[in-house]
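Dear colleague,

Please find the structure below, followed by a short account of what was found in it.

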Amino acid sequence: MPLKGIKDAKSLGDISHLLGFSPAGLAYILYKIPNNKKYYSFQIKKKNGGNRDIRAPEPSLKKLQGRLANLLYKCSTELDKGKNKQPLAHGFKKNLSIYTNAKCHKNRRFVLNFDIENFFPTINFGRVRGYFIKNRDFELNIKIATIIAQIACHDNELPQGSPCSPIISNLIAHLLDVRLVQLAKKNDCFYSRYADDITFSTNKKEFPKKIGFQDPKDPEIWHLGRAIKDQVDRSGFKINPKKTNMRCRNNRQVVTGLVVNKKVNIRSEYYKLARAMTHSLFQKGSYKVPAHFSPIDIADNDSEEVLEKSLNRLEGVLNHIHYTKNLSDQRVWKEKHDHPTAILKLYKEFLFFKHFGQSDRPVVLCEGVSDRVYMRMALKKLKNSYPSLIELDEEKLYYKINFLRYSRSVRSILRLSGGTAEMAGFVGSYPKKVASYSAWSFKQPVILLTDNDTGGKTVFSQVKESPQGKPKIESDDEFYYINNNLYLIKTPHLNGIEETKIEDLFDQKWKDEKIDGKSFTLDNDFDKNKFFGKMDFAEKIIAKNFNEVSFDNFKPLLDRFLAVIKEHSK
């Protein structure tokens, strides 16, 4: 158990083992790297003026801090196990988010927000060390607590930018949470915290004065009650006097950037900006982002903008909006799918554009998840023969061709998981979709890879209907041009066999291998007591015996990719 392991640790060697480092490696990072070399600093502008200092650790220290963070997260999960209490802190925790934090305060008469000032920097070396020595859940050896503080702190504070600052700050601030939630309950209020953002809410007719009260001279201004200030001070933190605000039911109530009046929802201005940025991306290939734009903060009248071409930031924005609205959408899955919301349509358009119209490499859609595994292993094994498809870069393999991963968003939003019916629909809708983007890039080909058998007939029949290519799909050509930047490759004939599946490219002895007495089957519907399927074959037979498996039969298939790339480059 992680908690027992860290409590039993007594030496640098013990904690090194827990963190997956050698004692010499850990000692070098802590004591040999000069302090001025451990971090590099940069600033980001705050919403209301000024700058926030971010200190990013150098790579080896970041890796060490990440390992420490993982260990402490496991300890925290172990401590919470069996406790059915409502979470108090929602930041930096698995399955918790700004959404779950905001939901605690949905549909309340009063919502009061305030911030902790300099949340991370307030937690210094002594507090970190002292917490792990004295806290009853940990009570660590003094040397181990000191090492943890040395890993986590810089210039006598928890730096923003360190992977372990979030979990350590949550552990230390838990005492504050306990004290404030007790105060909330005594006054019929609800309490939650997300990092440095604290919220109290209630449905009482009058807001409890021990929690907060109106300024007698200006009713628009609210002050925190003495009891709140005392508990925050007692817990070793300070209140940011500029960040206290109250929102009543007749006004828009916002908690961690989300509207909570009737249901948890996105702010309208955030959604409008996201739509404008996405439209600009589709038409121009770039978009402008306000300098202060995040799910939690948007500065009023922010005229400063940054030109962005990166799709990652906008994808995060759209994912956040879709995630929030989807959680609040009470319809069943089928109704959501049949009658998609505006954000689902927009997110789908973005993902289609990202994967197929803005890729920096040729894109391959395989027929099934296991096919992707086979192809990547084949390229890895044959890397010396295909340097234009894969290369060794600083001891890491870099694939120059992208075998599309059927991630959760690709499966649920784009409705692509490798099925031939989905592929046929993809081919049929492709020309119309491509035409809707002015900034579509035709630089890279998009390639469908299917088995050359009756199962692919739905795809083949749709390909033959292409208004541009009109390919003769019955031939054994290297590839078939469909339209725009879209191509089809079938598995090649092998040893005179007309119909082939990708598994036919492996020697028969591997297909005869058994797993726990079960035999391999290509059927999708099979008795799991007698057979195992394609993914087990890929992972437990082929991957496990990678060094012994011959991938020579994949060469004609890989040659077909080269032929497409060469043709498309013209």
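Where is serine 162 found? Serine 162 lies in the loop between helix H9 (142-152) and helix H10 (165-186), helices being DSSP runs of H or I with at least four residues, numbered from the N terminus.

This is a predicted model, in which local features need pLDDT of at least 70, side-chain atom pairs count only at pLDDT 80 or more, and totals for chains, interfaces and linings use all residues. Residues are numbered from 1 along each chain as its sequence is written, and side-chain values use heavy atoms, with hydrogens and water left out.

Serine 162 counts as buried because its relative accessibility is 5% (buried means under 20% relative accessible area, exposed over 50%, partly exposed in between, with a 1.4 Å probe and protein chains only). Apart from neighbours within four places in sequence, serine 162 is in contact with Arg55, Pro57, Gln65 and Ala152 (contact means heavy atoms within 4.5 Å).

Helix H12 (residues 268-284) packs against helix H15 (residues 342-357) at an angle of about 30°, and their axes are 11 Å apart. The axes are lines fitted to C-alpha atoms, for helices over the stretch in contact, and angles run from 0 to 180 degrees between N-to-C directions. On the H12 side the contact is made by Tyr271, Arg275, Thr278, Leu281 and Phe282, and on the H15 side by Ala342, Ile343, Leu346, Glu349, Phe350 and Phe353.

Alanine 276 is also placed in H12, and at 45% relative accessibility it counts as partly exposed. Between alanine 276 and alanine 378 there are 43 Å in space, C-alpha to C-alpha, and the two are 102 residues apart in sequence.

With kind regards

Notes: Helices (H or I, at least four residues) and strands (E, at least two) are DSSP runs, numbered from the N terminus.
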